[in-house]
Amino acid sequence: QAQALEAASARIAEQAEVKIKANKQVMDAEFDECVQKLHADNEKMVATLENAMNDLRNEKDNIIQQLEHTTTKLEDTEDTLYDLQQNVKKREREHSFTIWKLMTGIMRMRVRFQAGMKEFEEESAKNLNKVKHRAQLKLNDMSLVAMRIIALIMENEELRKRLHNTLVNHRSTDL
């Protein structure tokens with residue numbers, strides 16, 4: 001029995017060894033397949049990373065170009081701003097001088113205007129007095145003429161009454 005047990009043990013060991021070898025081959029095949037798949041995935045990832053790196057390099061180059069362009073524009077803008085500020089300062093000085101000249105001219109004109117207005121008022125007062133005097137003379141003349149006309153009207157009325165009386169009396173006497 002011991003031999004049979006040993007023989008059975010040996011068979012079981014052989015069968016186990018055959019199964020182990022078969023399982024090992026299956027496992028080796030699966031491992032090789034996984035390694036190949038992992039290798040293919042790794043190559044895809046490397047290609048994707050290389051493409052991403054190339055894209056990043058291109059984007060970096062574009063950003064550097066844009067930055068250089070923007071820097072140039074900024075420098076140009078700063079130069080233009082400085083020039084404009086200097087121009088504004090110059091114009092402010094010119095405007096201040098022009099305003100000063102205008103103000104002094106206005107002051108001189110105001111003095112002349114006031115002197116002219118005073119002279120005008122004096123002349124106007126003289127002319128007004130002359131006009132008042134002429135008007136008074138005309139009023140006096142017209143009053144005199146009106147009084148003469150009234151006297152003539154009164155004389156005419158007197159004559160008319162006499163003439164009327166004569167005519168009325170003459171008719172009455174004829175009748």
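This is a predicted model: local features need pLDDT of at least 70, side-chain atom pairs count only at pLDDT 80 or more; totals for chains, interfaces and linings use all residues.
**Overall build**

- The protein chain has one helix and zero strands; helices (H or I, at least four residues) and strands (E, at least two) are DSSP runs, numbered from the N terminus.
- Helix α1 covers residues 2-174.
- The C-alpha trace spans about 215 × 65 × 25 Å along its principal axes.
- The radius of gyration of the protein chain is 68 Å, whereas a compact globule of 175 residues would have one near 16 Å; the value is taken over C-alpha atoms, and the globule rule is 2.2 Å times the number of residues to the power 0.38.
- Isoleucine 64 and leucine 128 are 64 residues apart in sequence, and their C-alpha atoms are 89 Å apart in space.
- For serine 96 and asparagine 127, the separation is 31 residues in sequence and 45 Å from C-alpha to C-alpha.

**Surface and exposure**

- The accessible surface of the protein chain comes to about 17000 Å², and 60% of this belongs to carbon and sulfur atoms; areas come from the Shrake-Rupley method with a 1.4 Å probe, and for residues only the protein chains shown count as cover.
- Of the 175 residues, 1% count as buried, where buried means under 20% relative accessible area, exposed over 50%, and partly exposed in between (1.4 Å probe, protein chains only).
- Isoleucine 64 lies in helix α1 and is partly exposed at 36% relative accessibility.
- Serine 96 is also found in helix α1, and its relative accessible area of 47% makes it partly exposed.

**Charge and patches**

- The protein chain has 28 positive and 30 negative side chains, with the centres of the two sets 23 Å apart.
- Lys and Arg count as positive and Asp and Glu as negative, while His and the chain ends are not counted; each charge is placed at NZ of Lys, CZ of Arg, CG of Asp or CD of Glu.
- Patches are made of residues with over 30% relative accessible area and no salt bridge, joining like charges within 9 Å and nonpolar side chains (Val, Leu, Ile, Met, Phe, Trp, Tyr) within 5 Å.
- Lys89, Lys90, Arg91 and Arg93 gather in a positive surface patch; of these, arginine 91 is partly exposed at 48% relative accessibility.
- Glu75, Asp76, Glu78, Asp79 and Asp83 form a negative surface patch, in which aspartate 79 is partly exposed with a relative accessible area of 47%.

**The salt bridge**

- Side chains of opposite charge can pair when their charged atoms come close.
- The structure holds one salt bridge, a term for a side-chain nitrogen of Lys or Arg within 4 Å of a carboxyl oxygen of Asp or Glu.
- Glutamate 157 and arginine 160 form this bridge, and their closest N and O atoms are 2.5 Å apart.
- The two residues are three apart in helix α1, so about one helical turn separates glutamate 157 from arginine 160.
- Glutamate 157 is partly exposed at 32% relative accessible area, and arginine 160 is partly exposed at 44%.

Definitions and conventions:
Residues are numbered from 1 along each chain as its sequence is written. Side-chain values use heavy atoms; hydrogens and water are left out.
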